[in-house]
Structure formats: C-alpha cells, structure tokens
Amino acid sequence: MSDEKKHWLDERRNVDRIYWGLVIVCVILGVADLLAHRHAYFSWEGLPNFYGFFGFAAFWCIVIAGKKLRRFLWRPEDYYD
Amino acid sequence: MIEAFPPGLVLILGSLIIPLVHKRLQPMVAVALPVVGFAQLLLMAPGVSHQLVLFDYELTVVRVDRLSLVFGYIFYLAAFLSAFYALHVKDSVQHVAAMIYVGSAVGAVFAGDLITLFVYWEITAISSVFLIWSSRTEAAYRSGLRYLVIQVGSGVLLLAGVIVHAANTASIDFGKLIGDDGLLSTASPGVVLIFLAFGVKSAFPFLHNWLQDAYPDGTVTGTVFLSAFTTKLAIYALARGFPGTEILVPMGVVMTLFPVFYAVIENDLRKVLAYSLNNQLGYMVVGIGIGTALSLNGTTSHAFAHILYKALLFMTMGAVLYRTGTTKATELGGLYKSMPITTTCCIIAAASISGFPFFSGFVTKSMVISEVEHLHLTWIFLGLLVASAGVMEHSGIKIPFFAFFAHDSGIRVKEAPWNMLVAMVAGAFLCVAIGLYPAPLYDILPFQDVDYEPYTVAHVLTSLQLLIFAILAFAVLMRTGIYPPEKRGVNLDFDWTYRKALPALIGWISARGGGVLEHLYASASKQLDRAYRLIYHLHGPKGVFARTWTTGAIAFWAVLGLLGFLLLYFWGR
C-alpha cells in the first residue's frame, strides 16, 4: 500500500474543498433564483429557492425514514435460508 | 421480402445457429444478430401489417406503428450493447437464452393481436430465467424458480384475460383496451385480467417483488439483458392498451416512492439498482395514466433513455462483480483507483438517471413531470419531486459513492475487460448525446404534433437546485455521521408473504389439520405414480406402443393438440 500512488481524494483537505465548493454552488443557485424569472404553475413553487430547499428536505427525510424503517425491516443475511 | 418476416423471429431463429458454431464464434453471432434485426426494422415503415389465419382467428403477427418502432429500435440497441458487453462469456446457454429473450420481446412489441402477444410474452418469461439460472448457485436457482412462477403466472393471467375478452367482444385486436372514461371499474373482466397481467410484469406495488428478488441473482451479463426488456415490454403493453387509465397515475407515484426507502437501506448494490428500476417505471406509469400526447411521448422517451442508463448502471456493477466477486456496499469502496473508466461511466449513468441537465434523463422524465404540472395535479407533482430527490439518493449518489469512493476497502483489481469497457463507454456516450441533442429521439416519438423544449432557464435552474441541494444534504448527513452505515442483511419486502408467511401457514394447517395435507399429497403422488406406470407399461421400451413408437407418439400428440384446439374453438364461439 505504501508505494501506491497517492490520490487527490486521499487527502482530507481536498474532501473539505469539495464540501465547501458544494456549499458555494448552492449559494450561487439560491441567488440565481432571485434573478431569474420563472413561471410558477403553483403559487408555492414561486417561493425563492423553493426547489433547493425542497430537494434538501426531501433527501434528508428519505434518509432518516429509511434509517427508521431498517429497525422493522432488517433481518440477518441467512433469514430466508 | 425481408420486411414480411416478423421482427424478433430473426433473433429467435438466429439463436439456433449459436450452439452449432465454434465456442469462440458464439458471442460474435450474438452481437451480429441484433444488427441484422435493427437493419430489418429500418426497412419497415409504420402501417405495415401481416395477417395469418389460424382457425377462426385472424392473427396480426406483425403490426408496425410509431410506438412499436421506438421500442423496437431501443430493444435492438440495448441487445447489441449487452451482447458486446458479454463478448467474453463462454456459455452457450446464456447467449442462446439472451437472443431468444430479446427476439421474443421485439416480437411482442410488434404483435398486433393478443394471442401473438401472449405467445411472445411467455417466451420472454421462459428464456429469460436461464440468464438467472446460469449463475449456477443455489440462491439463483431458487429465486429463478420464483421468478419463473410469477412470470408464467402473468402469462396465464394474460391468456385468461384474452379468452374472456375474445368471448365478450369477438375481437383479439391489441389496441386500446380501456374505455374512454379511463376507469377500470367499468372495464370488462377480461380487460381487468389483461391489466393485471401487464401489472405483474411492470412491477406494480405488491406485484413487484420478483424484480428485486431475481435480478440481483442473474449472471454478470444476464442482469444487463434482464434490466432492459421484461419491464419495458410491460410498459409498452400498458401504453398501447391502457393510456389514460386513471388509476395508473396514483399507482405510478407510489411506484416512484416506496422503492426509494428500500434503496437507502439495501446493501447489495445490484438490488439497489433493481429498486431504482422499479422507481423509474413509476414515472412511465404516471405518463401512461395521464394519457395525453405529451405524457405518452414522455413515457416512451423515458423508457428509451432509461433502458440505456439502467443497462449502463448494471454494466458498471457487473464489472465490479466480475472483478471483485461482490456488489455488497459493505465490502466495496475506493474502486475508482483501480477502475477509473468504469467509475466515470457509472457517474455518467448516475447523472442521467438523476435527471441532471445535459444528460438523458433530463430531457425525457421532465416531459411527464411538466404535464403533471400543466394539469395542476398538486399531490402527484409533489410526490414525483420527492421521488426525484430519492433517485438522486440511491442511483445518483449511493451506487457510485459506495462502490467507487467512500472508505477505501483496500481492494485492488484490474479495470474491466476491454469489451465491457467498450460497451460501457458507448452507453455513456449515448446518455450524454441524448441529453445534449435530444432532437433525433424526439423525432421518433409516437406523437409528432407536440412541442416540448427541455432547455429553458427555469427548467435547468430548478433541476440543478433540486439535485445539488440534495447532494448537499448527503454531504451534511455524511459529515455529521447521521447517514446510516451500510449493513449486511436482508430487508423484508412483500416477498416475505410467499417466502415465509405462506409456507408457515401451510405448515400450521397441516400440523393442525390431522395430516389432511399429507394425506392429499400422498394420494396425489400415488395416483401420479400409477399413471406413470401405466404410461410406461404401454409406451415404454417393452410396451405395446413401442412397436409403433414413432407413429404412436405422433398420434398421441396430435390427439392432444386437436383437443387443445377444439377447446379453444368452443371458447371462441
């Protein structure tokens, strides 16, 4: 392992860079929403950065719900054997 | 002349050549056959049809229209890429099974009547199971059997529906079956049975579990084939027979939503893809349920794009399985170091399925969602938005992240074989090409009088917001340690009812029923044994009929066949 080439992602610093880069992109997208004119079919859809907040919240809820569901649904690998 | 030949039959008959040629040539024949089939399609124009009279029925064995042509094109394209991906496989059974499977799926798409459809429908079931059994493991054998029972069951439902429908209407034409009111409650029993048969193959909720049960047990290359044809044949059949059926809209939303939660906690990445496949079918089902020109175009184009990126996802996971021997997320990680091309292809497929702008899913799925928006179906729209975030979770992030990144598992392998790489790069190219330049795909869609422009500022911006904020949520969940770690195990799904509950119930009844079941079983096997002895006595090497063996056997089968036709004849009157 030691003589293996070091990859860019192996450095914690670079992972942090991606993380903060993502935050910056999100801020830009949020600001862009205020500048762009888009037609809303539903009134709530026109709220500033509606899609961004919705995507974040939906993703979060799905993961948490999956985590909770695992308590009921999980069985050991040989359950059906 | 060649256009008079039923499409699909080229592959079914061509597959018979495969066992006759040298082992090294077999995969090449399998690559060549879809090319021949595709060339034949190019000669066929909408409007072509061929009838064949069988007894009282006029079978339309070939009917070409714009809807069948799109599915024909993509089926052959997927077959070609999958066969190329399987170029290294030295297993005649798999090559033959795959070609018969593809051929029958294509045949079904061009079937103009319900009886022809039924015949091809069953051939897809029987041929495809060999792609699961060819894994040659106990688990694959068992899940393959369950798959076969359910698939053939779908065929039996279809046949029953066709018989009832034909008796009621004296028509076996495979056109729009649902009434103009779009209600299943006012449809005839035959039509409802046909709907259920299509529903089993499209993996409707509660009828879905064969998909997640069997596909992860298929061979490395077999699952790539499986992902493309069975369910999309069912989507085609629904689009033809049941456009505008109201119940399909909420049903489709449920299909997009519930697999998402399973995909979060599933450890086997090929099973995650099976759940994700189920979720993608939901968008198509919603489009069929709405039944407008734009939504049906959306369903068709989404099926087209989906076949490509889903096959590509299964290809990348197949390559991982081929090299590392597993697709369990708990065992994998850090593979981008040794499989960079596979990683790139996987990310492109993930971007496509998630609907990122400039990738294929963006220009197809959005047609269905836009129509939902235009029609102000608020809850349906919100459901599809949640599901889109879900797709980002399981296919957009989970698949590439846990296989190729995450923590470094220390696994160091070679990159996938050259033929797999070529197939994957070609698939990835098509995903990007469709995303960047959707016009050629839009041109072949069934309805030509609809205008749709995917690249508006609002659409690009809102899609990016939804997806990138979802990625941010993932990053935050990972950094805070809230994201659930992968865990070995199985998750209970509807298959629990027939794998655990039903056997337990039968055991309970037989334990309490004073051995009634044992008695029934014993007497049935005794009768079977007696019948077998009688047949052996008459037809065996020393039997009376052995003297007239060939003619006797033919007469026996002829009588049986005639009896079958007689029954059909009386049913049809």
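**Exercises on a predicted two-chain model**

Of the 192 residues in the largest nonpolar core, those touching the most other members are A:Phe59, B:Phe75, B:Leu312, B:Ala349 and B:Ala470. Such a core is a set of buried Ala, Val, Leu, Ile, Met, Phe, Trp, Tyr and Cys residues joined through C-beta atoms within 7 Å; buried means that 20 or more other C-beta atoms lie within 10 Å of a residue's own, with C-beta atoms placed from the backbone.

This is a predicted model, in which local features need pLDDT of at least 70, side-chain atom pairs count only at pLDDT 80 or more, and totals for chains, interfaces and linings use all residues. Residues are numbered from 1 along each chain as its sequence is written, with chains lettered from A in the order in which they are written.

**Exercise 1.** State which helix of chain B gives the most to this core.

*Solution.* Helix H12 (residues 293–324) of chain B gives the most, with 15 residues. Helices are DSSP runs of H or I with at least four residues, and strands are runs of E with at least two, numbered from the N terminus.

**Exercise 2.** Describe the contact between chains A and B.

*Solution.* Step 1: chain B provides 41 residues and chain A 38 residues, two residues being in contact if their C-beta atoms, placed from the backbone, lie within 7 Å. Step 2: on the side of chain B that touches chain A, H18(B) gives the most, with 18 residues.

**Exercise 3.** Explain why H10(B) is largely enclosed by the rest of the structure.

*Solution.* H10(B) is largely enclosed because 14 of its 18 residues are buried.

**Exercise 4.** Identify the residue in S3(B) opposite A:Trp74.

*Solution.* Step 1: strand S1 (residues 74–75) of chain A pairs with S3(B) in the antiparallel sense over two bridges; pairing requires that DSSP find at least two bridges between the strands. Step 2: A:Trp74 stands opposite B:Asn491.

Note on methods:
Buried ≥ 20, exposed ≤ 12 C-beta atoms within 10 Å, placed from the backbone.
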